[in-house]
Amino acid sequence: MPKSYEYQPTIGHDTDPEDDLDLDELDYATAGANGHSKSTRQSPWRTSSTPQSQSVPLRSLNDSSPHRFWQTKNKRRRHHQSDDLEGLLDDGFDEESRGWNVRKSDRPVRAAKPIHSRQSSLRQSIQYSRDFVKQELAGIRDEPDASSKDSREVDVGRQQKKKYPANIVSNAKYTLWSFLPLTLYNEFRFFLNIYFLLVALSQIIPYLRIGYMSTYIVPLAFVLTISIGKEAFDDLARRRRDAEANSEPYTVLAFDPDSAVRPTPLGAREAQKKSRDLKVGDILKLEKNQRVPADVVLLKSTAAEAVVEGPAELAAGDTVAAETFIRTDQLDGETDWKLRIPCPPSQGLSLADLRRLQIIASAPNQKVTEFVGTATLSARASAYDPHVAKQQDEGESPRESSPSTTSIPLGIDNTAWANTVLASNTTTLAVIIYTGKQTRSAMSTSQSRSKSGLLESEINTLTKILCVMTLTLSVVLVALEGFEPSNKKPWYVATMIYLILFSTIIPISLRVNLDMGKTVYAYFIERDQGIPGTVVRTSTIPEDLGRIEYLLSDKTGTLTQNEMQLKKIHVGTVSYAGEAMEEVTGYVNQVFAQNTEQKQLLASMPVRSRREIGTRVRDLIVALAICHNVTPSTEEIDGEQIVSYQASSPDEIAIVEFTEAVGLRLQQRTREEIILQSTQTDKTVLTARILDIFPFTSDSKRMGIIVKVSSTIPDLPLNDELVFFQKGADTVMSTIVAANDWLNEETANMAREGLRTLVVGRKKLSQAQYDAFASAYQTASLSLHNRDTQMSSIVASHLEHNLDLLGVTGVEDRLQRDVKPSLELLRNAGVKIWMLTGDKVETARCVAVSARLVARGQSITTIAKIGTKAAAIDALDSIRNRSDTALLIDGESLAIMLTHLRTQFITLAVTLPAVIASRCSPTQKAEVAILIRTHTKKRVCCIGDGGNDVSMIQAADVGIGIVGKEGRQASLAADFSVTQFCHVTKLLVWHGRNSYKRSAKLAQFIIHRGLIISVCQTMYNIAGKFDPKGLFKDWLLVGYATVYTMAPVFSLVLDRDVDEKLANLYPELYKELKTGQSLSYKTFFTWVAVSIYQGIVIQGLSQLLVGAVDGPRMLSVSFTVLVLNELIMVAVSVTTWHPIMIVSILGTGALYAASVPFLGAYFDLQYVASLGWVWRVAVVAAISLVPVWSGKLIGRAVRPPSYRKVQGR
């Protein structure tokens, strides 16, 4: 039952001083509508005879905000006197004719004049730039009055006394001012970049300079430019998506039209505002399926039918509040619709009088289930009193209280938070209370962070090892000379020069190639026709898709479609499902449609089937059609009347839709009665007068109703009887219904099928029984102590015992496409799956079973309502030795675990095959993700579709967002966006595998390329009596790392070891990726050994065969073999050839051959054209490559890799 409210007079209602008035604030176009063009803004005092004065309520003269400091006091006073006089003399404005719901086609022509001026093409082309700067300035603007720790006073429909944050959604990682500092910090977190920065800076010192300074500075600048540019591109893409969300149009009410526009007879006009331009105090007009853009308090709610039929009466306040339902699954994950009640004093007000309201709201916080506020309705201004104005001018306070000034408390039932959706077929007016970063959803969302992949961390560690090797080598070379270099330089200077010479050991191109590879992987993912609509929003971590250890998933909208369907009923002796439901329809039509054919069909059945089963089915269907809180609503779509149902739970709607499908339709429902009609005859067949309703709660787990049934069917047994119907969870109903031998078995069977079960019972009451109950219940409801407990006790003692068991229903929460095989494949791939949802414990259990998150035969241990640390310890002890059970824990118990037993809980939880957490807040979801990451040091992937999943997604190593039905909050904030849960398997098993394997091979080759040239340099320095001179200088050094080797090495991003079919057929292949074997210490040191061998062979043999330690002849042989060696090594390492690989290798070889004639400054070109050069190059290359290739073939034969085993070769 709706809670009754008692109005109380307010104390000390303040009014702004009159002499601080600025009439410019009364003009909506200048004071409230930021999106309006300047050309349409006109002064409200242009002429005294315009109708504008009619729309300036005298109350506004005292309530205007005193923040315009550029007008003088005397000038404002003249405007006050002029408009006050006009308001007093002109009383021809018809208050009763006001309205707010006239559609655009119904408005007067002048009132429908567009508010926005015509935009030029130039302004349209720079709109995004303007929005970007606007958003940046809003993010950094100093707002000393908009404290997030103080309560606030919101003047409804008026200018506010304080400034509040802009209503901007931002998923960007950087601002205009923080971008460069943060990106540079993120870049120089990597040792690789710091090392090369120091090397580049060393070239400023002439004593240490080797070759051209640009040789060292330009590559570093290029690397940083590529990396920072990539971050900028990704962040600008996020900002473009945010701009789309912030530009979503909403309808607001404007109370002071421009003087050039005649005021509408309804007292207010509608104006369009973009979401980012909405401000605290604006009055929104919301309709069905519209997303709420900010935190609001509801003011008026009317049925959509009434909006069309009686706009004038609605504007005047002559309406009855319609029930308003909102969907909160995008905020808290709960699937049940929430009933919301407009602020009681405002429902009966005219639109003009809404401005008399002031909302006092508590300070912003992230508690989505709590709100404390007060609505104050000030006295109506009937006349202008100059004495009162004089008192206010002199600083005196107005009267402390007024008998007509009232206040009323506001709670969570009067609010709708941002990202919820209006579900009912109503038109609702709401005032904005919190905007932007102070909304509940924004405060529950963690700040975006820059993510770096596990592969980058591993490479960063390897570069440190290479640096130590470089330093060691430099010191050894200096030590071999007895720390007395032959070039007469101090030993420490010689060491520094060696460090610079060997800097190629740590290849600066490594980061560039890896970043370019990530871009290629993102391209492949977005162009994959098997996962259409997938978007890569963070292109820095595709390799982590191949290293996922834990997958944390939301339930509603992610695993399920949030579409309920009644799949099965059981009446004790028989169950019905699928095609058997036609028999249920026959039983219903026999009674309510008076169908002759059905009667003949049933008459041919055995007596028991015709009477007993038919009666049971009829009684169950009647109970389901009456025992609910569903209200039918009618709306017109494309000229056709469509009936839809609205209720607080989708389960209830599924049940009512089922009763309609089998022949009994809910025609009408009011607070007093329920009317049912036959779908066969469209005639009313049953009316139930509602006497009492006992709503469902999470504690009671049941819902009941007492009705008096009357029917037009003469032989209906329930006619003119008092009946108590009740339905609820089997855990509570089993002790309420009469003894039976089938209930527990059947509910267990349905639960194993993943169906949400409801047990339905009935009890007939005599008039005396009902009178006794009603009297006791009324007495309990007046109790001041333990009222709820006493009322529940009365219901239990008078009604809830020995109910006739009518049957059991099984409702299915329909799963997303291919959820079951997807979860099974991920489990086989070694991924542990957790489900974190804000929904109820029972719902979470059913979905976990139906989605096969919990394997068949696997037990589920439930930990719920744990309130103390001791109880939590006992609960953990109970499952400590049961590693084969799945854990189901509610939010209350999880909070205790996270507060007192973090380490014990996570240590135990990660060993379990599955964990299901229900009633989780967004903050708890993020906390669990962070806890798993920090405890296990493994990669965690989080996936969700709602605004309540954003924190979890951002806290994960890899965040995946699903484009939901109600919004894109999760998709916009995620690293990867998909349209279906089943696409995750391909994203991980196929694209994740390829990205990781390719990047690992690419990194190894780039390290090999740098190491081998450094080994050649070392051999050259040793042969040159430790003189620290460069072997390959200037273009040879730059060309080797770019045009001569880059394309073939980079083409490895197209390689793959298995095809997609095998990757899905053998998900076990994914397990080895998580161990990091593709780029481990073992593989790293193997490549170091190969590089050392090949470097020694190439440089040593070149010097021996040419017969010279230095010179252009030796240089031509050594460098040519170096390039050929790299090209052939790439070819040998390819697993699956791609045409681009062939073109890259052959094309690069041809390019090198063509460039040799231009290398006369380095080579002896006559010697290069001789046969002696050719055979020397061939011999050195063969000795360098053949042993390495042979060793690889032998290793594959002895210990073949996993992918070769599944390929059978």
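1. Start with helix H33 (residues 983-1023) and helix H39 (residues 1112-1133): their axes come within 12 Å and cross at roughly 160°. Axes here are lines fitted to C-alpha atoms, for helices over the stretch in contact, with angles from 0 to 180 degrees between N-to-C directions. Helices are DSSP runs of H or I, at least four residues, numbered from the N terminus. H33 and H39 are therefore roughly antiparallel to each other (the label applies to angles over 145 degrees).

2. A word on what you're looking at: this is a predicted model, where local features need pLDDT of at least 70, side-chain atom pairs count only at pLDDT 80 or more, and totals for chains, interfaces and linings use all residues. Residues are numbered from 1 along each chain as its sequence is written, and side-chain values use heavy atoms, with hydrogens and water left out.

3. Who meets whom in that helix pair? On the H33 side you'll find Lys 1001, Phe 1005, His 1008, Arg 1009, Ile 1012, Ile 1013, Cys 1016 and Tyr 1020; on the H39 side, Met 1114, Leu 1122, Asn 1125, Glu 1126, Met 1129, Val 1130 and Ser 1133. Contact means heavy atoms within 4.5 Å. The residues of this H33 contact with H39 divide into 9 nonpolar, 3 polar and 3 charged (Ala, Val, Leu, Ile, Met, Phe, Trp, Tyr, Cys and Pro count as nonpolar, Asp, Glu, Lys and Arg as charged, and the others, Gly among them, as polar).

4. Now H27 (residues 869-878) and H28 (residues 891-900), whose axes come within 10 Å and cross at roughly 95°. That makes H27 roughly perpendicular to H28 (65 to 115 degrees). Lys 869, Ala 872 and Leu 876 of H27 touch Ile 896, Met 897 and His 900 of H28. By class, that H27 contact with H28 has 4 nonpolar, 1 polar and 1 charged residues.

5. On to the aromatics: there are 18 aromatic pairs in the structure (ring centres within 6.5 Å, taking the six-membered ring for Trp). Tyr 1044 and Tyr 1152 make one that is edge-to-face, 5.1 Å centre to centre with 85° between the planes (edge-to-face is over 60 degrees). Tyr 1044 sits in the loop between H34 (1035-1041) and H35 (1046-1050), and Tyr 1152 in H40 (residues 1139-1155), 108 residues apart. Both Tyr 1044 and Tyr 1152 are buried (under 20% relative accessible area, 1.4 Å probe, protein chains only). One aromatic cluster takes in Phe 1032, Trp 1035, Tyr 1040, Tyr 1044, Phe 1119, Tyr 1152 and Phe 1163.

Methods:
Helix = DSSP H or I, 4+ residues; strand = E, 2+ residues; numbered from the N terminus. Parallel < 35°, antiparallel > 145°, perpendicular 65-115°, else oblique. Phe/Tyr/Trp six-rings, centres within 6.5 Å; stacked < 30°, edge-to-face > 60°. Buried < 20%, exposed > 50% of the residue type's maximum accessible area, 1.4 Å probe, protein only.
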